[in-house]
Amino acid sequence: MLKKIKIVADNKIPFLNGVLEPYANMVYLPGKEITSYHIKDANALIIRTRTKCNKDLLEGSKVRFIATATIGSDHIDTGYCESMNIKWQNAPGCNSSSVEQYVLSSLFALSAKKNFRLAGSTIGIVGAGHVGTKIERIAKLLGMNILLNDPPRKRKEGGSKFVLLERIKYEADIITVHVPLTKAGQDKTYHMVEKQFLDDFSKRVHFINTSRGEVVDEKALKNAIASGRLDSTVLDVWENEPLIDRELLEKVDIATPHIAGYSVDGKANGTKMSIRSLSRFFDLGLDNWSADSLPEPPDSKIILNAAGKDKESVMSEAVLRTYNVLDDDANFRKSIGSFEQLRECYHPRREFGAYSIHLLNDKNKISASLTDLGFIVN
């Protein structure tokens with residue numbers, strides 16, 4: 001088959017190498033090093049967030065299609081692309097289960113550190129899209145009280161399912177943020193969490209942000225931590241990445257280098273969605289492609305004893321055996337200046353579905369909740 005198109009791709013996108021070579025002339029480059037020179041005769045790009053697709057990059061090129069193997073699209077100037085008839089596609093929800101795993105590991109780590117129970121506590125979920133919906137699901141499994149905030153969904157769906165931010169700030173014990181970064185319009189999220197937002201808390205709150213760093217005004221967040229308005233803080237995303245605020249890092253309880261969605265499963269999903277969208281656009285015949293042979297996790301078979309333990313304790317043990325966010329926190333603090341390297345060389349983390357659990361003495365039928373989380377229980 002003649003190679004009809006040229007594709008420039010980020011060389012850190014997993015499972016991509018070798019897939020498109022029969023159909024295209026492939027050029028692989030570090031994402032932040034892709035320039036207008038490299039893409040001037042390219043027909044398509046496959047990128048991540050480190051490649052800024054704007055007029056400076058795209059003007060004068062032959063690019064007709066951009067696939068980003070990420071849930072976000074704020075690194076793409078969509079207005080410019082539309083004006084130039086350049087189609088683009090992100091990968092919504094590709095790593096939502098990975099972020100769910102990260103948030104759940106963080107909740108269990110915080111509950112152990114701060115000595116509080118998740119059952120019966122109130123969680124405010126800001127943004128109820130792919131990730132937020134999964135956080136709602138695990139909160140129900142844990143017996144938490146749930147407050148959802150999502151203005152676009154409320155306008156579309158109506159009803160009483162969604163609440164105002166003011167209620168979350170007043171009632172929530174835990175607030176976790178899962179919104180896209182938007183810098184204008186009625187649903188603007190840039191610096192949504194700012195001084196007034198933090199001042200409005202009626203009690204000390206556990207705060208988690210795995211969305212985008214710019215959603216939070218970090219100066220205001222530092223002041224809120226220093227003044228004691230926050231009980232604990234978990235940050236996976238930062239303003240000005242990779243040049244993060246080290247003073248803020250020292251103040252937060254859990255800090256990681258934008259890896260919440262970095263499970264092997266999530267990456268494979270992002271690549272799958274990118275290849276399929278590109279295949280549909282160029283009619284390559286790969287509309288049903290999926291990655292295979294994902295690496296098996298070490299210790300994939302877990303034995304737990306439920307004797308004398310409640311559901312929350314067993315779930316915590318199961319989750320932390322598969323992924324303990326404190327390990328990533330420790331690695332980050334030891335190598336703060338290696339933000340990008342830590343991301344690019346991130347260890348292969350598998351999601352719950354890659355693990356089987358044998359639960360002994362399960363008199364309280366806890367195995368059903370583990371199955372609901374995605375574990376294989378036998």
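1. Start with the helix pair. α4 and helix α5 (residues 130–141) pack at an angle of about 45 degrees, and their axes lie 9 Å apart. The model is a predicted one. Angles of 65 to 115 degrees would count as roughly perpendicular and those under 35 degrees as roughly parallel; α4 and α5 are therefore oblique to each other. Their crossing is right-handed.

2. Next, the contact itself. From α4 come S96, S97, V99, E100, V103 and L104; from α5 come H130, V131, K134, I135, R137 and I138. By type, the contact residues of α4 with α5 split into six nonpolar, three polar and three charged. As background, an α-helix has 3.6 residues a turn, so residues three or four places apart point the same way.

3. Of its 19 residues, 15 are buried, so α4 is largely enclosed by the rest of the structure.

4. Last, D10. This residue is found in strand β1 (residues 5–10). Is D10 buried or exposed? D10 has a relative accessible area of 0%. Buried means under 20%, so D10 counts as buried. Leaving aside residues up to four places away in sequence, D10 touches Y28, L29, G31, I34, I46, I47 and R48.

Technical notes
Residues numbered from 1 in each chain as written. Predicted model: local features only at pLDDT ≥ 70, side-chain atom pairs only at ≥ 80, totals over all residues. Heavy atoms only, no water. Buried < 20%, exposed > 50% of the residue type's maximum accessible area, 1.4 Å probe, protein only. Helix = DSSP H or I, 4+ residues; strand = E, 2+ residues; numbered from the N terminus. Contact = heavy atoms within 4.5 Å. Axes fitted to C-alpha atoms, helices over the stretch in contact; angles between N-to-C directions. Parallel < 35°, antiparallel > 145°, perpendicular 65-115°, else oblique. Left-handed = near helix turned anticlockwise from the far one by under 90°. Nonpolar A, V, L, I, M, F, W, Y, C, P; charged D, E, K, R; others polar.
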